[in-house]
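Subject: Structure handover

Hi,

Here is the structure I promised to pass on.

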Amino acid sequence: MKHIKQLLVFLLIISVFNSCEKEEVVSYALDDISAPTNIDALFDISSEEVGLVTITPSADGATMFEIYFGDEENETPTEVSPGETITHVYGEGEFNLRIVAIGLTGLTSELVRVVTISMEAPEDLEVDIKISGTNPYEIEVTPSATNATVFDLYFGDVEDEEPTTIMAGETQTHVYAEVGDYTVKVVARGAGAATLEVTKDISITGASNSMSLPLTFDDATVNYEFVTFNGASFEVADNPDVSGANDTASKVGAITNSGAQWEGGTFELDPPVDFSGDNKTITMKFWSEVSLPVLLKFEGGVNNERQNEVTATHGGTGWEVLTFNFATDAVKSYIDGSQGVGEPFVPTGQYASMVLFIDGPGTSAGTFYIDDVEHVAGNGDGGGAVAGEISDDFDANRNIGTWYGDACGMNDAFPNPFKTGINTSNTVLEYKDDGGQYANVGFDVDPNFDLSVDNTFTLKIYVPSSSITGSQPNQISLKLQDGTAGEPWAQQTEIIKPIVLDQWQTVTFDFANDVTAGAADPLSRTDFNRVVLQVNGENNNDFVTAYIDDFNYGVDNGPVDTATQLVGTWKLAAEEKALLVGSTAGDIWWFNNAEDVTTRACLFDDTYVFNSDGSFNNVLGADTWIEGWQGGSDACGAAVAPHDGSVAATYAHDAAAGTVTLNGTGAFLGIPKAYNGGELGDPANAPASITYNVVLSDNDNTMDLEILVGNGNVWYFKMVREGSSTDTGGSDGGTNNGGTDGGTTGTAPHSPIDFETGGYGADWTWSVFENVSNPALEIVANPASTGINTSSTVAKYTALQGGQPWAGVESKRNEDIGDFTFDASNSIVKVMVYKTVISDVGLKFSEASGEAQPEVKVANTKINEWEELTFDMSGSIGKGITGIITQIIIFPDFQNRSSDNVVYFDNITFGSN
């Protein structure tokens with residue numbers, strides 16, 4: 001095996017060298033082999049020898065591990081092979097155990113755990129046990145205690161149980177095989193012999209939620225009981241034939257007939273099916289290899305309504321959609337006599353019992369499958385919505401066929417948990433992402449969308465901040481796909497919109513005017529027949545719950561609700577000419593330059609908050625820019641009343657007129673001195689209200705403002721929504737609309753990449769390539785906090801003499817920088833560098849598949865000082881297989897080297913100029 005690996009590496013190296021002869025640059029070898037994944041470790045502490053721990057690391061794709069125990073400075077790591085267990089003796093204290101998994105190509109992944117070593121007995125043991133929201137048989141156990149190093153967990157479902165041991169700060173899941181009452185025992189252990197124990201009783205009730213249409217058989221919390229009779233049997237099974245009308249791998253209902261007449265069963269529904277309105281059509285996906293009749297009957301009327309039934313014929317071709325139209329085809333069912341049996345009947349009541357007969361009068365034996373039984377409007381052709389007009393309020397007015405959840409819990413008959421604001425309806429769709437990597441919900445339509453006629457979708461959404469984990473951007477995306485394609489996502493088109501947490505809001509997706517990602521020119525496409533909704537991004541394992549209502553397409557709902565367009569937190573764009581004053585004739589008197597973004601940082605970190613209740617806040621932080629007319633000296637200082645954010649202000653946005661008015665003495669946008677008709681010379685003369693002209697762009701993420709100040713003069717301000725793709729500014733000086741600080745937040749590309757704590761880059765997974773031993777990229781203190789770069793921390797790359805000219809460093813694909821496409825608004829990329837030699841700096845980007853975009857090289861012109869290099873990536877616009885960028889690749893010192901060279905880089909930004 002060892003020789004095979006050596007041969008593989010040798011052949012791959014030969015391949016790389018050959019490709020270098022054909023092409024000027026190869027960014028890295030083994031592009032299709034990623035860093036190790038699923039890194040973990042078994043950890044235990046001895047009760048007999050003080051401080052002795054054992055560690056067994058594991059990871060998929062790892063060929064070696066480096067262990068840093070964290071109890072000495074300048075530590076040399078200990079190498080451990082896969083499957084090997086290592087021991088170490090700690091002294092008392094708290095240490096960061098760092099495990100680095102190394103793959104075949106040198107790519108690495110890391111795991112960090114806190115190790116607490118204390119001779120004192122564990123104290124204050126607390127155990128949090130939660131039952132999973134998606135699997136009622138699964139629990140999550142999170143223990144915590146003072147002075148504890150590890151916890152032994154006993155789940156109480158087997159005899160002579162061996163404990164599961166986890167470290168402090170970890171959560172352990174466990175799946176029970178059956179319902180019942182169990183006692184969970186947790187034992188906290190430290191470095192000494194003393195332990196502390198807690199037990200908790202839990203009840204596993206299994207699938208206990210009632211059934212309601214649609215029946216998808218995919219929700220583990222629902223009890224899909226089918227009460228059979230006359231010899232039939234039933235179970236929930238995997239889709240045995242992923243094809244035809246049911247081409248999704250999912251759970252289905254399996255009904256087995258023994259061969260007797262009138263075999264069948266009953267589903268009890270809560271809430272009952274309501275036929276009081278116009279929607280009287282039931283559709284069902286049904287699988288059979290023989291042609292036969294399927295009879296669907298409703299009984300158990302809430303008010304003793306008449307039993308009735310419809311029969312549909314299956315063609316015997318596998319998965320087909322059967323339609324049962326109770327408005328035109330229903331007849332009276334047999335009760336205990338003739339009583340009009342077989343006569344036409346139109347149900348108008350509510351029915352709790354849905355009865356199904358497969359080949360009722362016949363004797364067909366075998367297993368048949370059903371899925372996606374739903375109550376729809378219209379004739380239900382194809383089981384989907386009619387693409388000309390779609391409306392779903394998740395109550396009575398619905399014509400969407402089947403909503404599905406992909407790696408995501410979904411309930412489209414969920415009681416509205418937040419009957420507030422613009423949405424007091426009774427029922428909504430619950431979107432519950434409990435860590436699905438590509439969680440989404442969606443539906444299919446028939447016929448396809450015609451975006452040249454109707455190109456706007458709207459919906460209402462509410463995301464509670466308490467449901468969010470991790471640091472994903474607060475957003476919702478709507479994707480249009482060709483559901484018949486082998487890879488529907490490959491040629492999709494997508495609009496991403498920011499959302500505000502803890503309130504209902506209307507979001508509009510306009511494929512004619514909004515910025516789209518993915519396939520170009522969506523209006524010309526005629527193959528879109530699938531809608532996919534995704535909340536807070538993809539390719540992550542963070543949690544989020546959302547509630548969706550009033551989904552509409554092609555429906556005239558009157559004037560578009562623009563009340564929520566401004567809702568959120570805004571700040572001045574961190575760029576040149578974000579502030580500008582001139583004449584209406586086009587003359588410019590003054591504008592801020594790029595350096596002002598730093599020298600006036602106290603102004604550029606001010607935030608302007610438009611709240612959903614119509615209130616407005618100036619959030620100025622500890623200081624802001626104070627001018628002479630305010631008693632200052634054109635420098636940072638404490639805010640001066642009334643322009644200090646203390647006023648209880650409101651706002652009114654008139655989208656038709658293109659204006660926004662602030663009401664409240666001292667409320668302002670941009671700078672405080674500009675008002676309608678003049679500029680202030682004394683804070684005491686601040687007006688009670690100010691009206692600005694406003695234009696929104698970039699999917700409502702950029703706001704351009706102007707205000708006439710008299711004598712033909714005008715102030716212009718450019719603002720960006722905080723956390724959006726247009727926000728390339730520095731630190732957050734205002735409020736946060738939810739989620740957690742730090743890490744990879746905001747809309748892609750995640751920038752500026754400034755390597756600061758809480759910013760972008762510092763906690764990314766950077767991998768060095770083609771650099772001999774590939775020393776890791778370091779995040780270090782700025783070696784020269786002068787000139788254009790006064791930031792605290794920067795990235796340090798050591799280009800080794802023996803490394804390839806194209807040696808470099810890359811972010812983790814599909815994760816760190818996010819998914820985005822290049823366009824005119826973001827194709828100018830700027831990078832600050834500090835170098836000791838003159839050489840090219842190379843920059844390129846790659847797609848999820850590894851497809852590389854065109855590379856651009858720019859040489860520095862200065863040494864031993866910071867310099868900003870500009871890379872024009874417009875050549876990447878529309879290039880590639882999908883054009884969706886997921887990775888940044890940097891070549892800091894692109895040359896043949898005669899010595900080791902250290903390069904520092906920082907503040908990578910994306911813009912239009």
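Below is what turned up when I went through it, starting with the whole chain and then going into the details.

**Overall**

Keep in mind that this is a predicted model. The chain has 913 residues, and 50% of them are buried. Its secondary structure comes to 61 strands and 3 helices. If you take the contacts between residues at least 6 apart in sequence, 67% join residues at least 24 apart.

**Cores**

The largest nonpolar core holds 38 residues. Which residues have the most contacts inside it? They are Phe610, Phe616, Leu669, Tyr692, Leu705 and Phe717. Leaving out residues up to four places away in sequence, Phe610 touches Leu566, Val567, Gly568, Trp570, Ser615, Phe616, Tyr651, Val660, Leu662, Leu669 and Met703. Another core lies apart from that one and has 37 residues, including Trp403, Ala439, Ile461 and Val507.

**Strand 51 and its partners**

Strand 51 covers residues 713–721, and I'd look at its pairings one by one:

- Strand 50 (residues 702–710) pairs with strand 51 in the antiparallel sense, over 8 bridges. Met703 stands opposite Met719 here.
- Strand 39 (residues 579–583) also runs antiparallel to strand 51, with 5 bridges joining them. Gly582 has Val714 as its bridge partner.
- Strand 38 (residues 568–572) is antiparallel to strand 51 too, over 3 bridges. The bridge partner of Lys571 is Val720.

Strands 50 and 51 form a hairpin with 2 residues between the strands, and Asn711 takes a positive phi there, near 60 degrees.

**Cavities**

How many cavities of 30 Å³ or more are there in the whole structure? The search finds 3.

Thr493 belongs to strand 33 (residues 493–498). Is Thr493 buried or exposed? It counts as buried, because its relative accessibility is 0%. Beyond four places in sequence, Thr493 touches Leu478, Lys479, Leu480, Phe511, Thr516, Ala517, Ala519, Pro522 and Phe528.

Asp606 sits in the loop between helix 3 (601–604) and strand 41 (607–610). Its relative accessibility is 0%, so Asp606 counts as buried. With residues up to four places away left out, Asp606 touches Trp570, Lys571, Val619, Leu620, Asp623 and Thr624. Asp606 and Asp623 are 17 residues apart in sequence, and their C-alpha atoms are 8.8 Å apart.

**Backbone details**

Two cis peptide bonds are on my list. One runs from Ala641 to Pro642, with omega near 0 degrees. Pro642 is in the loop between strand 44 (635–637) and strand 45 (649–654). The other runs from Ser751 to Pro752, again with omega near 0 degrees. Pro752 is in the loop between strand 51 and strand 52 (767–769).

Phe755 is in the loop between strand 51 and strand 52. Its phi is positive, near 60 degrees, although the residue is not a glycine. Phe755 counts as buried because its relative accessibility is 1%.

Val772 has a positive phi as well, near 55 degrees, and is likewise a residue other than glycine. You'll find Val772 in the loop between strand 52 and strand 53 (778–781). Is Val772 buried or exposed? At 57% relative accessibility it is over the 50% cut-off, so Val772 counts as exposed.

Cheers

Methods:
Residues numbered from 1 in each chain as written. Predicted model: local features only at pLDDT ≥ 70, side-chain atom pairs only at ≥ 80, totals over all residues. Heavy atoms only, no water. Core = buried A, V, L, I, M, F, W, Y, C linked by side-chain atoms within 4.5 Å. Buried < 20%, exposed > 50% of the residue type's maximum accessible area, 1.4 Å probe, protein only. Contact = heavy atoms within 4.5 Å. 1 Å grid on protein atoms, 1.4 Å probe; cavity = no way out; pocket = protein on both sides within 12 Å on 5 of 7 lines; lining within 4 Å. Points joined across faces, edges and corners; volume = space filled by probe spheres on them. Pairing = 2+ DSSP bridges. Helix = DSSP H or I, 4+ residues; strand = E, 2+ residues; numbered from the N terminus.
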